[in-house]
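Okay, thanks everyone. I'll keep this short and just talk through what's on the screen.

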Amino acid sequence: MSNDEETAKADGGTASRSETAEDERSEEHPLEWDEPENNDKAPDERDSVSHRTEKYDDRKLVTGQAKYTADYEERYPDLAYAAVVRSDIPHGRVTDINTSAAEAMDGVDAVLTPESDAVPDAKYTSAGQSYPEPSPWDMHVLNEHVRYIGDPIAAVAAEDRATATAAVESIEVSYEKYDYVTDPEDAFDEDAPQLFEDGEVENEIVGHDYDRNRMAHIGGELGDVDAALDGDTHVHETEWETIRQSHANVEKHTSLAYTNEDDRHVLITSTQVPNHTRRQLAHLFDIPIRDIRVQKPRVGGGFGGKQAMVIEPIPLALSLATDRPVLYEASREEEFYAMRSRHPMKVKAKTAVTEDGDIKAIDIYALSNTGAYGSHGMTVAGNVGSKPMPLYSKVPNARFEADIVHTNTPQTGAMRGYGAPQGTLALEGHLDEVARDLGLDPIEFRRRHHMEVGDLDEIAGMMGGEGANRRIRSCGLDECIERGKDAIGYDDLEQPDEDHLHRGIGMALSAQGTGVAGDELGAAQIMMNEDGSFHLQVGGVDIGTGADTAFLQIAAEVLGCDEGEIIVKSSDTDVTPFDYGAYASSTTYISGMAVKKAAEDAKERILNWGSKLLGEPVGDLETGDGTVYSEASDDSVTLEDIGYEAAYGDDEREHILGKGTHCTEESPPPFAAQFADVTVDETTGEFEVQKLVVAVDCGVAINPGMAEGQIEGANHMSYEMAVSDGITLDDEGRAEVADFDEYGLPSATETPPIESILVETHEPTGPFGAKSVAEVPTNTVPPALSNAVRDAVGVRIREMPITAEKIRSKLDEREI
Amino acid sequence: MPKTGGNVVDIELTINGERTTVEAGSADDLATVLRQHGYIGVKCGCDGGTCGASKVFVDGEVRMACGMEAADADGSEIQTVAALGTQADLHPVQQAFVDNFAVQCGFCIPGMVIQAVALLDSNPDPTEREVREALDDNVCRCTGYQKPVEAVLDAAERMRGEQSVAADGGQSVSASPRGAESTGCCGGGCDE
Amino acid sequence: MEIELEINDVEQTVDASKSDSLLDVLRRNGYTGAKRGCDTGACGFCTVHVDGEPVKSCVEPVTKDQDTSIETIEGLGTQSDLHPVQQAFVDNTALQCGFCIPGMIMRSTALLETNPNPTEQEVREALSDNLCRCTGYKKIVEAVLDAAERMDSDTAVAADGGTAVDNDGGAAAVTECSRTDCGCMEGDQ
Amino acid sequence: MSDSDRVRETSKQPEGTERKESDPAEANRESETGAAREPDRKPESERDAITVDEEKDDARKIVTGEARYTADYRDRFPDLAHGRVVRSNIAHGYVESVDTSAAEAMDGVDAVITPFDDVVPDKLYSSSGQSYPEPSPWDLTVLREHVRFVGDPVAAVAADDAETADRAARKIEIEYRELDAVFDPEEALDEDAPQLFEADDVENKQSGADYSRNLESHFEGELGDVAGAFEQASDDERRHVIQTEWETPYQSHCVPEPHTTIAYTDEDDRHTFITATQVPFHTRRQIAHLFDVPIRDVRVKKPRIGAGFGSKQEMAIEPITFALHLAADRPVKLEMSRQEEFTALRFRHPMQMQMRTAVTDDGDIEAMDLYTLSNSGAYGTHGMTVANNVGTKPLPLYPRVPNVRFSGDVVHTNLPMGAAMRGYGAPQGHFAVESHMDEVARRLGLDPIEFRLQNAVREGDLDRSVAILKDGDRFTRTIRSCGIRECVERGKEAIDYDGIEQPDEDHHKRGVGMALIAQGSGVAGKELGAAQVQMNEDGSFHLQVGGVDTGTGADTMFSQIAAEVLGCTPEDVVVIAADTDLTPFDYGAYASSTTYISGRAVKNAAEDAKERLLEWGSRLLDEPPKALDTGDGCVYSEQTGNSVSLEEIGYEATYGDDEREHILGDGNHSTDESPPPYGAQFVDVTVDTETGEYELNKLVFAADCGVAINPALVEGQIEGGEHMSLEYATSGDLTFDEEGNPEVLGFRQYGMPRTTDHPEMETVLVETHEPTGPFGAKSIAELPTNGVPPALSNAIRDAVGVRLTELPFTAEDVKTALDEQSADD
């Protein structure tokens with residue numbers, strides 16, 4: 001979506017459910033998808049997809065042989081190491097940088113400041129989104145105007161890490177200090193210290209008002225919410241608050257930059273978005289895109305933190321300045337205060353519900369604290385509404401608005417769930433509260449309103465324009481709820497023997513998307529070797545999820561060979577076709593479909609050769625078991641025979657190639673039903689989560705083992721949002737967390753058992769029926785746990801994290 | 001050539017059975033030194049002994065190599081994950097991690113595997129709780145610990161030889177992308 | 001043993017054994033521009049300058065080079081700022097596989113140092129110890145003569161490393177030649 | 001009637017081959033040969049990126065020493081081991097035992113391998129680097145128990161450094177049981193001669209093999225009735241039968257970069273070779289066969305390579321390197337010494353040829369009969385196919401001769417291995433045919449040039465002699481481009497043929513000789529190239545192509561062809577080539593196929609992408625695609641003059657609001673065509689009749705290679721080819737003692753011409769348009785390798801009247817001939 005369109009929507013874009021328009025929309029969003037026959041395979045027809053195929057890089061990973069960025073160190077004997085000087089004041093202007101001591105040190109190769117020639121002074125956004133980015137260009141690589149404790153000011157390259165660190169410590173920075181503001185509500189005040197001058201920012205976002213520190217305002221409405229709220233209904237209003245969560249990637253942000261003998265500027269970097277990084281670097285350094293190569297090796301977790309081009313410009317600038325390879329590996333401390341985090345938000349939910357329990361209107365407002373810079377500020381806030389609200393697509397009136405505000409606090413960015421966790425907490429906590437207030441069963445209450453197959457989801461389109469309306473063609477919500485209930489033992493919950501212990505179950509639903517509707521692109525190429533094996537080149541990015549393995553399975557299913565016969569090469573901008581990258585849960589759906597198309601393109605040629613060799617028409621032939629076989633005659637020819645014949649045959653020869661590119665307006669939601677079983681000690685407020693159950697409809701799981709892994713990992717992250725403080729800040733906005741010790745990442749003992757349930761549906765627009773899975777289970781534990789505590793002891797915690805103290809104090813309040 | 005700070009000292013180590021003298025900066029941590037000598041299976045996820053990714057055996061004890069000065073390891077025997085199994089011939093713990101999809105990004109896995117091996121060495125039949133406790137200082141951001149815990153329990157069974165899985169190397173797993181190496185679970189490691 | 005020498009103006013101490021040639025030591029220390037073609041001093045691919053003199057480094061015992069100053073191909077120009085001899089080789093398409101070229105260029109720069117205005121025959125004689133298997137030497141000899149013109153007749157060209165050269169094989173650089181009798185325009189036809 | 005119809009009619013498709021109809025690539029090509037529309041044919045004014053002297057894309061890194069050849073990757077492998085090969089020092093025998101204990105006991109030795117080790121495959125294979133199944137016998141093993149020449153590899157060592165490897169290699173003791181050896185090919189054919197192979201020592205035997213007579217292959221083919229024609233001629237005094245004999249020596253490729261390979265297995269278990277090879281894909285296949293690993297697990301990467309000239313078509317050292325790597329379990333580099341290059345690697349086959357013609361008084365050739373006896377050396381790689389080319393390359397110069405016979409024997413001796421070398425039999429064949437033609441003319445009193453032009457090929461001729469050894473007419477070819485007469489005319493002018501002045505000194509005699517030359521463009525019906533194009537959002541492109549640049553500038557040529565199609569600059573095309581994991585398939589750089597086959601695949605891929613560009617252009621300009629074309633970095637409309645830049649298209653396709661697409665193109669090319677490039681070689685020589693010494697005053701080569709994609713690079717090919725041809729004529733030879741020990745061990749003993757040995761050279765490019773080639777191009781690289789021996793023989797004949805028939809020509813040879821001549825007088 002372009003910013004212009006966004007502007008139109010901000011100016012009071014409203015939509016209404018007119019019956020006459022429905023027919024047209026049906027044409028635009030048909031229920032029956034023109035799905036190729038081979039896309040819908042019964043389980044027993046699947047040779048590769050929905051098998052628990054071993055993740056292809058697992059053996060390297062468990063033997064320690066896999067190479068992450070820092071492991072390429074040994075290849076570069078003249079490698080230099082980078083370290084960065086960062087602001088230690090929340091707001092101000094750098095008046096002087098004394099680098100003389102650093103420059104005089106032995107082993108220091110370069111010291112860069114904002115003044116240095118090698119440091120670009122162009123404005124940019126680190127967002128790692130498509131072009132033009134729906135994020136403001138408000139950053140510099142190194143900064144004179146610093147806006148939070150952690151803003152980069154100077155950078156050093158030295159012979160070894162210790163020297164680099166020592167050099168950084170020797171650099172003295174003088175500042176003119178400015179007033180600062182760390183609370184978003186305060187920042188919104190007209191008299192608050194201002195982070196950006198009006199006009200200072202390029203590529204400004206809709207609704208910006210920098211005089212009030214607002215980087216964006218968005219909103220959309222379906223029907224007439226105010227009329228519904230004024231009507232004869234119960235109006236409930238609740239307010240929710242979420243934490244500043246750290247991605248806590250186990251592998252820190254790491255980039256290695258060098259220029260090779262072909263004058264190619266190469267970055268080996270731990271990124272989710274190689275192609276966007278390439279484009280952004282080209283912009284920033286004024287280098288042609290074609291001269292930059294971004295290679296993604298194994299990545300130690302991304303979760304959105306590596307969608308941002310957080311550190312790459314620094315090693316590249318240092319490498320250009322020193323004419324040698326430079327490695328920058330952020331410290332763990334920097335990870336917590338100077339990289340990215342989840343936007344902390346305050347979210348208000350309001351509903352109008354009839355006596356009978358019909359929801360007439362949902363109204364959500366979010367105030368998002370984007371921190372010092374605006375990357376992903378608008379789009380994350382948008383998802384607070386556009387991800388959870390469509391769950392209740394049958395509700396006639398809906399409205400969403402958000403303000404995104406700057407404070408002098410660390411930068412936020414994309415993080416798994418991408419606004420949906422904040423929105424899901426508010427909506428799913430709110431609906432639970434409404435149900436209990438009205439004396440309705442919280443699950444049945446939701447069932448009356450939730451999405452079904454055939455629904456036209458206009459809430460998703462409420463903010464993106466009608467083009468973003470979508471038809472729901474797969475929905476396993478009912479089964480998710482049923483199987484989740486079974487697994488958690490919903491109907492036969494036993495209370496503990498001790499009187500002061502109370503057990504309760506909470507539930508929450510969630511929906512996500514599968515890629516950014518209408519703003520994705522994936523592409524793939526396949527080359528057949530003469531022995532019947534294949535090389536698959538795909539832009540898609542595996543950040544540890546197993547995407548490469550999913551690609552292999554999809555290709556193998558089409559080509560009729562074993563996954564081991566395919567060598568995958570992904571995420572190298574010099575070699576692999578284009579891809580938007582690993583974000584928005586797009587990889588299986590978009591890049592996977594591109595792989596499928598490329599494989600089908602190659603298969604067409606394979607069948608052609610099969611036809612030539614078997615003397616039978618292409619229409620009678622199919623691939624399978626490493627052969628092309630005829631269903632009519634039962635004859636077959638191996639892929640190896642075809643490979644040799646095509647490469648070396650006497651008649652015409654051909655290198656069998658396939659190519660595929662995929663984009664779509666579709667973004668079908670995967671669904672989740674989360675259950676949390678909690679026991680609360682009413683005397684202390686302490687609670688223990690016995691079990692988490694999450695049932696997910698991700699369409700057809702290409703690899704159930706990997707899909708379960710995604711669900712469990714996401715649920716763990718979601719659990720952290722419910723019970724951990726996240727990154728806390730002091731009065732100046734300084735992160736109080738410097739290491740894992742101080743960060744509340746639940747450990748193995750602190751994490752409850754997580755049961756993941758896969759509910760298979762068939763999504764006709766996805767490769768072999770697949771939808772996304774990686775994000776949806778990130779959204780659900782905070783509301784489910786809040787609901788469970790409410791169920792157990794009757795008190796409601798709305799401000800995350802849920803702690804014994806908060807429960808205790810609510811219980812105390814209630815007693816009073 | 002070491003890229004180190006501080007005075008250079010010679011340290012005698014036996015790494016994965018091989019005696020060697022390495023040069024190290026006096027202030028270097030053991031993880032840095034091991035990585036410089038090609039033992040890249042030792043990962044650095046934090047800056048000093050909190051995340052567990054750098055776990056190795058030092059004289060049989062599990063230590064976070066990044067939280068230990070290399071000089072303090074002088075004269076000791078080190079085992080890294082590289083000493084356990086090869087890709088074609090995995091240690092049963094490694095095999096169980098693979099078969100149970102306990103690996104996503106994999107950055108924490110070498111430390112996790114080392115810790116699991118240590119656990120099963122002292123406690124061949126741990127409870128789930130004991131496994132969780134043993135892995136308590138291994139930070140994992142991808143898996144929610146669910147599958148790693150299952151993998152360790154599975155490995156325990158395999159190593160005790162109690163389950164048929166141990167003999168056929170993970171029956172539930174279809175053909176591995178690398179071919180059929182997964183048959184024969186541990187290449188003899190079962191006997192340990 | 002340790003040998004102290006200066007390589008491309010950087011003083012270095014390198015480890016070496018008595019049997020090492022200068023070429024062994026250079027390549028081991030990352031100066032791979034000098035190529036190994038015969039190990040007997042017969043092909044010239046390994047030519048570098050030792051104290052300004054062209055030397056076949058594969059038959060030069062490195063022990064001889066204590067305290068000398070070595071210049072290798074890496075010490076001339078960079079890809080974006082070529083030495084005029086390098087520029088002339090590029091512009092005259094005087095290279096194919098390129099394996100002999102570093103030695104050829106080092107030999108040529110030595111020649112032009114002592115004889116800035118050589119005849120074709122002098123160029124041929126100077127290069128007669130440097131073998132080339134791809135080019136038939138024609139374009140190489142032309143390149144060296146061209147480089148001599150550039151360096152001799154118009155320092156402006158030499159100074160800016162031939163940035164004025166366009167795609168058509170380098171004729172543009174010599175348009176700045178002010179002499180009328182030098183024959184440099186012949187290359188233009 | 002279109003040209004293509006005519007072609008099909010005249011070339012008489014054999015019954016039942018519907019191939020051409022079912023082949024879209026062929027159909028495409030044939031429609032392009034149609035006179036009405038030939039999108040390939042661009043007048044000079046319309047060419048943007050082709051026929052331009054584009055700077056060679058690696059030139060700057062080469063002149064700064066930054067280009068990386070295989071050995072320069074050593075710093076990427078901190079634990080690299082260095083290999084060394086132990087070779088047989090007897091010409092023929094069996095290895096009885098190998099004592100490796102002393103070597104193994106040395107510090108720093110990582111592995112020692114012998115033919116008896118498990119890690120060393122004992123399979124038979126051919127190192128030929130040809131397509132599959134190789135037209136070469138499988139008669140080699142990686143290390144050899146049965147050694148057949150001085151230089152056969154017996155054992156190998158890997159050690160921490162090269163010096164240790166050297167010392168260890170010297171400590172390996174080998175005991176042999178010696179066998180009788182044979183060094184002369186004629187003697188080898190004798191039934192009583194020592195026999196190199198038992199019949200079951202060889203798999204994949206070639207036609208006519210008879211190992212009891214050391215015969216690797218025998219072949220023959222005939223057009224018309226040769227015996228009848230000679231019989232008729234011998235009975236007719238207006239007809240003449242003339243027979244001549246010719247002999248050629250071993251020639252060394254003298255590759256500047258010795259054969260070098262690094263083999264390692266990466267963390268993905270990919271067996272990887274960084275290797276100086278002309279044939280990455282054939283090497284991959286051969287390695288997989290030999291070591292019984294899947295093709296998919298092998299990766300072959302070609303970095304910059306220090307030329308090949310055919311010697312790196314051979315998989316000569318990769319298997320030993322890989323075996324050492326497996327044994328040492330670390331990366332291993334094996335780099336040949338120059339002495340090994342001169343004694344143990346590969347060479348041009350020495351040959352003896354007989355040529356006989358029947359000619360009328362008027363100079364019409366009625367029959368030709370050519371026989372060659374090729375010395376294949378100890379093994380048979382390329383034995384048959386090189387010998388085949390002795391006839392099938394030069395005989396098509398005279399396709400109108402009605403009766404033609406060509407036959408040959410390829411024989412083993414206990415000498416080094418003949419193999420592919422630039423020219424590939426054609427230098428030997430041209431020496432025989434073109435010297436013979438000159439001799440015929442002079443004996444008949446005809447002008448040697450006019451005599452040849454009277455009989456020489458013309459555009460539109462149907463050439464059957466190229467397929468004389470094949471069954472059926474499939475490879476009979478129609479000549480669609482032929483500039484041979486213009487080559488002769490302009491060559492004459494350049495050498496000043498009509499204005500030669502004799503020297504003042506009486507004993508100095510000056511003469512000019514000429515030879516016509518033809519080659520092919522790829523192996524007809526046995527080539528495949530493929531390419532992929534990816535567009536970046538800024539309007540630049542990545543081109544992935546299997547084609548192999550061995551220093552010729554092929555990568556640059558690819559970028560020019562792609563740029564011409566896509567309408568961008570060559571700089572905007574980033575080329576990634578010759579890496580079996582990344583680039584599409586290619587047969588490799590041999591048989592002068594790269595421009596014609598791989599270049600055409602690049603063109604097809606670019607056109608595939610261009611179709612999408614025009615589609616996007618159409619969308620953005622709102623005009624139909626067929627009104628649009630690419631150029632100047634734009635898609636533009638000829639009708640409206642509107643245009644949209646490739647960058648705009650790139651951004652729109654990648655990030656646009658509507659549907660998006662990564663613009664990709666792929667292309668394949670295979671063909672039965674192999675159009676000959678033509679040339680005329682002129683040599684101006686002065687002979688000292690007192691001493692026999694001679695001096696070359698000038699060489700002129702006029703070439704018709706169709707449209708030269710990059711004229712400066714083409715000139716480079718010609719000058720370099722002539723250099724090699726000059727060596728062949730004047731100075732290159734290998735000699736052996738009576739026990740088969742090599743006497744030439746390095747450049748010092750081998751007569752490779754130096755700068756001062758080179759006469760003035762002048763190159764003339766004659767442009768024709770070959771409709772089957774990319775933008776009209778044919779091949780160039782091999783053509784100029786063929787001309788100097790016959791042209792010099794003819795020039796000396798012209799100057800002093802004597803005929804030299806054995807290469808190389810020494811002053812003594814001339815003197816002896818002059819003495820014989822005066823004795824005859």
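So, chain B has an average pLDDT of 82, and 81% of its residues score at least 70; pLDDT is the predictor's confidence in each residue, from 0 to 100. This is a predicted model, so local features need pLDDT of at least 70 and side-chain atom pairs count only at pLDDT 80 or more, while totals for chains, interfaces and linings use all residues. Residues are numbered from 1 along each chain as its sequence is written, with chains lettered from A and ligands numbered from 1 in the order in which they are written.

Which elements of chain B sit at the two ends of mean pLDDT? Strand β3 (residues 55-58) has the highest, 97, and helix α6 (residues 164-168) the lowest, 39. Helices here are DSSP runs (H or I, at least four residues), strands too (E, at least two), numbered from the N terminus. Residues 164-192 of chain B are below 50 as well, and residues 1-5 of chain B stay under 50.

Now the interface. Chain A puts in 62 residues and chain B 59, where contact means C-beta atoms, placed from the backbone, within 7 Å. On the chain A side, α19(A) gives the most, eight residues. That side divides into 17 nonpolar, 23 polar and 22 charged; nonpolar is Ala, Val, Leu, Ile, Met, Phe, Trp, Tyr, Cys and Pro, charged is Asp, Glu, Lys and Arg, and the others, Gly among them, are polar.

Within chain A, 23 residues of domain 1 contact 22 of domain 2; the domain bounds come from an automatic or database assignment.

Definitions and conventions: Contact = placed C-beta atoms within 7 Å.
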